[in-house]
Amino acid sequence: MDSSPQLPNDFIELCRAVTAKRPKAVIDHILQYGFVTTEDLKQRYGYNHPPRAARDVREHGIPLETFRVTGSDGRRIAAYRFGDISKARFSRLSGRTGLSKQIKDELINRYGCKCFIYLEEVDKRELQIDHRIPFEVDGEPELEPENFMLLCGSANRAKSWSCEHCENWKTIKNKSICLSCYWAYPENYNHIAMRQVRRIDLLWQGDEIEIYERLKQQADRLDKDIPELIKEIIEREIRQNGDG
């Protein structure tokens with residue numbers, strides 16, 4: 001059943017303005033059939049993490065609600081349909097291509113053409129604009145560069161997974177918790193998704209790969225994992241310099 005005739009024209013226009021592949025697939029399916037199931041997203045569109053696809057839609061200002069249906073194997077599965085369309089955000093960043101490009105360019109001018117999480121140079125085309133504070137927690141921010149960050153695809157996926165499993169994202173909704181989180185400000189944080197852990201993401205590329213291979217060989221000889229060996233090297237260096 002095509003549900004689009006029952007929807008206001010301005011809402012349909014907002015839906016049609018979405019061109020990114022993953023949210024567009026979700027939106028078009030719902031416009032045609034009224035809802036889309038997690039089974040549809042996995043089997044028909046190849047999206048193995050349906051909540052992320054649904055989140056993409058919501059980030060474009062289009063409300064979705066989750067309900068349960070019976071899957072092909074008889075089990076109850078999740079499905080998505082449009083939520084309260086009065087809550088649709090018609091001034092979304094992603095729907096304003098010129099402004100989106102302007103913010104991306106400003107972030108690159110300020111911080112360089114690099115991923116904010118991995119701190120590595122990335123081709124401009126591979127960088128994605130992401131909210132520092134998820135809109136599920138704090139709503140839609142002012143369209144200013146400082147409210148956004150640039151992430152490579154893998155960092156964006158890692159952040160999405162971590163945020164979606166954080167209690168602040170799911171229930172608490174406290175902006176101050178996000179402000180002190182690694183995923184918002186990796187240069188100055190005191191928790192990661194409300195867990196007391198710290199992390200360093202290291203990448204070896206180009207001529208550095210030779211160093212990584214030597215590190216891997218040493219780890220194999222010592223029967224250690226590479227992260228374990230790196231921690232030992234760092235701790236030894238700190239002790240030798242009298243800082244610990």
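Mentor: Helices here are DSSP runs of H or I with at least four residues, strands are runs of E with at least two, and both are numbered from the N terminus. Helix 2 is followed by Gly34, whose phi is positive, near 95°. Just after helix 4 comes Gly61, also with a positive phi, of about 85°.

Trainee: What kind of model is this, and how are its residues numbered?

Mentor: It is a predicted model, in which local features need pLDDT of at least 70, side-chain atom pairs count only at pLDDT 80 or more, and totals for chains, interfaces and linings use all residues. Residues are numbered from 1 along each chain as its sequence is written, and side-chain values use heavy atoms, with hydrogens and water left out.

Trainee: How many helices and strands does the protein chain have?

Mentor: There are eleven helices and five strands. Along the principal axes, the C-alpha atoms fill a box of roughly 70 × 45 × 35 Å.

Trainee: How do you know that helix 2 has the span it should?

Mentor: The expected span is 1.5 Å times one less than the number of residues. Helix 2 covers residues 21–33, so its 13 residues should span 18 Å, and its end C-alpha atoms are 18 Å apart, which agrees.

Trainee: Why is Phe135 counted as buried?

Mentor: Buried means under 20% relative accessible area, exposed means over 50%, and partly exposed is in between (1.4 Å probe, protein chains only). Phe135 has 11% relative accessibility, so it counts as buried. Phe135 is found in helix 6. Its C-alpha atom is separated by 36 Å from that of Glu228, 93 residues apart along the chain.

Trainee: What share of the protein chain is buried?

Mentor: Of its 244 residues, 43% are buried. In helix 2 the buried residues are Pro23, Ala25, Val26, Ile27, His29, Ile30 and Leu31. They pack against several elements, including helix 1 (9–16), helix 3 (38–43) and strand 2 (64–70).

Trainee: What makes helix 4 roughly perpendicular to helix 7?

Mentor: Two packed helices are described by the angle between their axes and the distance between the axes. Axes are lines fitted to C-alpha atoms, for helices over the stretch in contact, and angles run from 0 to 180 degrees between N-to-C directions. Helix 4 (residues 50–59) and helix 7 (residues 153–164) pack at about 95°, with axes 11 Å apart. That makes the two helices roughly perpendicular, a label for 65 to 115 degrees, whereas angles under 35 count as roughly parallel, over 145 as roughly antiparallel and the rest as oblique.

Trainee: Which residues of helix 4 and helix 7 meet?

Mentor: Pro51, Arg52 and Arg55 in helix 4 meet Asn156, Ser160 and Glu164 in helix 7, where contact means heavy atoms within 4.5 Å. The residues of this contact divide into one nonpolar, two polar and three charged. Here Ala, Val, Leu, Ile, Met, Phe, Trp, Tyr, Cys and Pro count as nonpolar, Asp, Glu, Lys and Arg as charged, and the others, Gly among them, as polar.

Trainee: At what angle do helix 10 and helix 11 pack?

Mentor: Helix 10 (residues 209–221) and helix 11 (residues 226–240) pack at about 100°, with their axes 9 Å apart. That makes them roughly perpendicular. Their contact includes Tyr212 and Leu215 of helix 10 and Ile226 and Ile233 of helix 11. Its residues divide into seven nonpolar, one polar and one charged.

Trainee: What makes the Glu146 and Arg110 pair a salt bridge?

Mentor: A salt bridge is a side-chain nitrogen of Lys or Arg within 4 Å of a carboxyl oxygen of Asp or Glu. In this pair the N to O distance is 3.7 Å. Glu146 lies in the loop between helix 6 and strand 5 and Arg110 in helix 5, so the pair ties together parts that are 36 residues apart in sequence.

Trainee: How accessible are the residues of the Asp123 and Arg125 salt bridge?

Mentor: Their side chains meet at 3.1 Å, N to O. Asp123, at 35% relative accessibility, counts as partly exposed, whereas Arg125, at 76%, is exposed.

Trainee: How many salt bridges does the structure hold?

Mentor: It holds 19. Arg16, Lys24 and Asp28 are linked in a network of them.
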